[in-house]
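Please consult the sequence and the model shown below while reading.

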Amino acid sequence: YQSSPIAGRHFLQIPGPTNVPDRVLRAMDNPTMDHRGPDFGRFGAQLLEKLRTVFKTEGPVVIYPASGTGAWEAALVNTLSPGDRVLMCETGWFATLWQEMAERLQLRPEFIPTDWRRGADAPAIEAALREDRSHGIKAVCVVHNETSTGCTSRIEEVRRAIDAAGHPALLLVDTISSLGSIDYRHDEWGVDVTVAGSQKGLMLPPGLSFNAVSEKALKATETAKLPRSFWDWHPMLKANETGYFPYTPATNLLYGLDAAVDMLNEEGLDNVFARHDRFAEATRRAVRHWGLEIQCEEPRHYSSSLTAVRLPEGHSANALRAVILERFNMSLGNGLGRLNDRVFRIGHLGDFGPLSLIGTLGGVEMGLGAAGVPHKPGGVQAAMAYLNGNA
Ligand code: PLP
């Protein structure tokens, strides 16, 4: 399906969907089985069990045959009622889409702004919750890794902010572009609903999404009045008890998920995170060497799954991406919303190794030259020196 006349494999370096490893492709390339037969029950039960390791939870993880947007909706409709106030953080484009969804669902979101150059503001969350003495705010919603900006919010600080305010709001976290790439701990950080998707750190094609659900979130379903049917956790959890699903699951994607979870656990989650941290740092060194600006201004919020790079005034990020696609057969992420044409995004997550990184940065550096973007050559060299430990 790739139309490029350039030989060699396409470089899919957008921040998701990511490259699907051969082992996952092979796992999906198996006959679809009877999703109500005995083999499926055994397969489903062990998969649902081991999937918990990736979320670092002892509780249930619900799997939907849907993109991440569906899992956003599931998190809201299972726990909230029309008119409920929800505190959200405007970290970027995806936080804005989630906020718009909350409005359409007749929730009343309150949006704490940022300049799209840092993660969520934990002190501002604490202040808003302290002010809410009647506990009208029912949930705090944070995007862990804002894929539009390359800023990662500190969820443990958000948790501490909620606790410091002594507020009972639920904590809902979008980990669509962080799960399996950046350290994340559903239970330890007291998250009530974790929202995730298949197509990024989990190295699968698009098509699955997830909710990890706390006891407190389950309790909230008893009073939550937003209409829910397809997204309702209860029939799902009931069927999941024996490894089945209440409707036809995306069987072959689940085969892929089974292989992907094994791959992550075989490498070891801590090693997976360290690998992403290292490639992110190497990328930032290349960007700085080129003399370009990183969209994230707060080093504590640097994302390990992608880097958004700003272009100098008067230069088009979309034109640069078009040159790189046409000449070098590499896709990079575009700027979203107010960042359209201002930034391009380098995805360095998922099934990504040292030479994927050097190839990616090489394509960007050649593209900067070809598109006439002012820069200092040698960014790839700076990344290689860092990877070799002699930066
Ligand atoms: N949230 C974040 C942080 C994302 O990166 C994305 C997609 O890239 C979404 C939500 C929406 O997910 P989907 O496009 O799978 O519906």
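Strand 9 (residues 193-197) pairs with strand 10 in the antiparallel sense, over 5 bridges. The model is predicted. Strand 10, which spans residues 209-213, also pairs with strand 2, again in the antiparallel sense, over 4 bridges.

**Strand pairing**
- Within the pairing of strands 9 and 10, Val193 stands opposite Val213 of strand 10.

**Burial of strand 10**
- Strand 10 is mostly covered, with 5 of its 5 residues buried.
- Both faces of the strand are covered.
- One side carries Ser209, Asn211 and Val213, the other carries Phe210 and Ala212, and all of these residues are buried.

- The structure holds 12 aromatic pairs.
- One of the pairs joins Tyr64 and Trp231 in an edge-to-face arrangement, with 5.0 Å centre to centre and 75° between the planes.
- Tyr64 lies in strand 2 (residues 61-64) and Trp231 in the loop between helix 7 (215-220) and helix 8 (233-240), so the pair ties together parts that are 167 residues apart in sequence.
- Tyr64 is buried, with a relative accessible area of 0%.
- Trp231 has a relative accessible area of 15% and is likewise buried, because the cut-off for burial is under 20%.
- Phe40, Phe43, Tyr244, Phe245 and Tyr255 form one aromatic cluster.

Terms used
Residues numbered from 1 in each chain as written. Predicted model: local features only at pLDDT ≥ 70, side-chain atom pairs only at ≥ 80, totals over all residues. Heavy atoms only, no water. Phe/Tyr/Trp six-rings, centres within 6.5 Å; stacked < 30°, edge-to-face > 60°. Helix = DSSP H or I, 4+ residues; strand = E, 2+ residues; numbered from the N terminus. Buried < 20%, exposed > 50% of the residue type's maximum accessible area, 1.4 Å probe, protein only. Pairing = 2+ DSSP bridges.
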